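Please read it alongside the sequence and the structure shown here.

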Amino acid sequence: MIRAVLFDFDGTLTRPDSLDFGALRRALGCPPSAMILEYIEALPGQEERTKAHGILSAFELAAARASVPNPGAEEAVVLLRDRGIGRGILTRNTLASIRESLKNFRAVSEADFAVIHTRESPGRPKPHPDGVIEAARRLGVKTAELLVVGDFIFDIAAGKAAGAPTVLVTNGRAGTGSGAWAHAKVEAAVPDYTIESLSELVPLLEL
Ligand SMILES: [Mg+2]
């Protein structure tokens, strides 16, 4: 029984590709094989890390301003709200970016989510399960009752590692979700369910 849903934000609640990861990697000098946050944390000097965080923040803020709700996203959140199913967000982005993006939503606001767990929150970011476990605790549900929904392998890996059921949103891209799974240095994670858009989410819960 699903009692709450934990959404990834970028590319899941918003349309994918508002952030140009290729351009961001070039600006940071981050190779395609590295994970961006982890790459920045591993830079040798504090000055370099601060500069890299500045570049990342500028890209993220511009992307947040340009982002729009994904098809079916607002309707899904409203339906879950009406049915008393808990809602949270788990993102590798910052709270400032999420708030900026949510300004572009019409029917949904920050108040619709009991938990917004960002990279500034305690615990390791996805693909680690920490954020899923913490979100379940704050939502008052078991991880087995928390449906983790995302468009990337990190979302699925984090959910599975926490013992939560998972849904991959492909955004119409041949079953692999957003971005190249090949560069992700995590075990291949197979989602429990795969949907093209969030308009399929609430019917899925009724199965
Ligand atoms: Mg995403």
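Lys-51, in a model that is predicted rather than experimental, lies in helix α4. Because its relative accessibility is 60%, and the threshold for exposed is over 50%, Lys-51 counts as exposed. Its C-alpha atom is 9.1 Å from that of Leu-28, a residue 23 positions away in sequence.

Helix α4, which runs over residues 46-66, also holds Glu-60. Is Glu-60 buried or exposed? At 7% relative accessibility, where buried means under 20%, Glu-60 counts as buried. Its side chain makes a polar contact with the side chain of Arg-119 at 2.9 Å. When neighbours within four places in sequence are left aside, Glu-60 is in contact with Leu-19, Asn-93, Thr-94, Ser-97 and Arg-119.

One of these partners, Ser-97, is itself listed among the buried residues of helix α6 (residues 95-102), together with Ile-98, Glu-100, Ser-101 and Leu-102. The cover over the buried residues of α6 includes α4, and also α1 (9-13), β2 and β3 (115-117).

| Strand paired with β1 | Sense and bridges | Bridge partners |
|---|---|---|
| β2 (residues 86-90) | parallel, 4 bridges | Leu-6 with Gly-88 |
| β4 (residues 146-150) | parallel, 4 bridges | Val-5 with Leu-147 |

Which residues of β1 are buried on each of its faces? Ala-4 and Leu-6 are buried on one side, and Val-5 and Phe-7 are buried on the other, so that both faces of the strand are covered.

For the chain as a whole, the secondary structure comes to 9 helices and 6 strands. Its radius of gyration is 16 Å, which agrees with the value near 17 Å that a compact globule of 207 residues would have, while the C-alpha trace spans about 50 × 35 × 35 Å along its principal axes. Buried residues account for 52% of the 207 residues. Of the contacts between residues at least 6 apart in sequence, 73% join residues that are at least 24 apart.

Definitions and conventions
Residues numbered from 1 in each chain as written. Predicted model: local features only at pLDDT ≥ 70, side-chain atom pairs only at ≥ 80, totals over all residues. Heavy atoms only, no water. Helix = DSSP H or I, 4+ residues; strand = E, 2+ residues; numbered from the N terminus. Buried < 20%, exposed > 50% of the residue type's maximum accessible area, 1.4 Å probe, protein only. Polar contact = N/O pair within 3.5 Å; in protein donor to acceptor, adjacent residues only side chain to side chain. Contact = heavy atoms within 4.5 Å. Pairing = 2+ DSSP bridges. Rg over C-alpha atoms; globule rule 2.2 N^0.38 Å.
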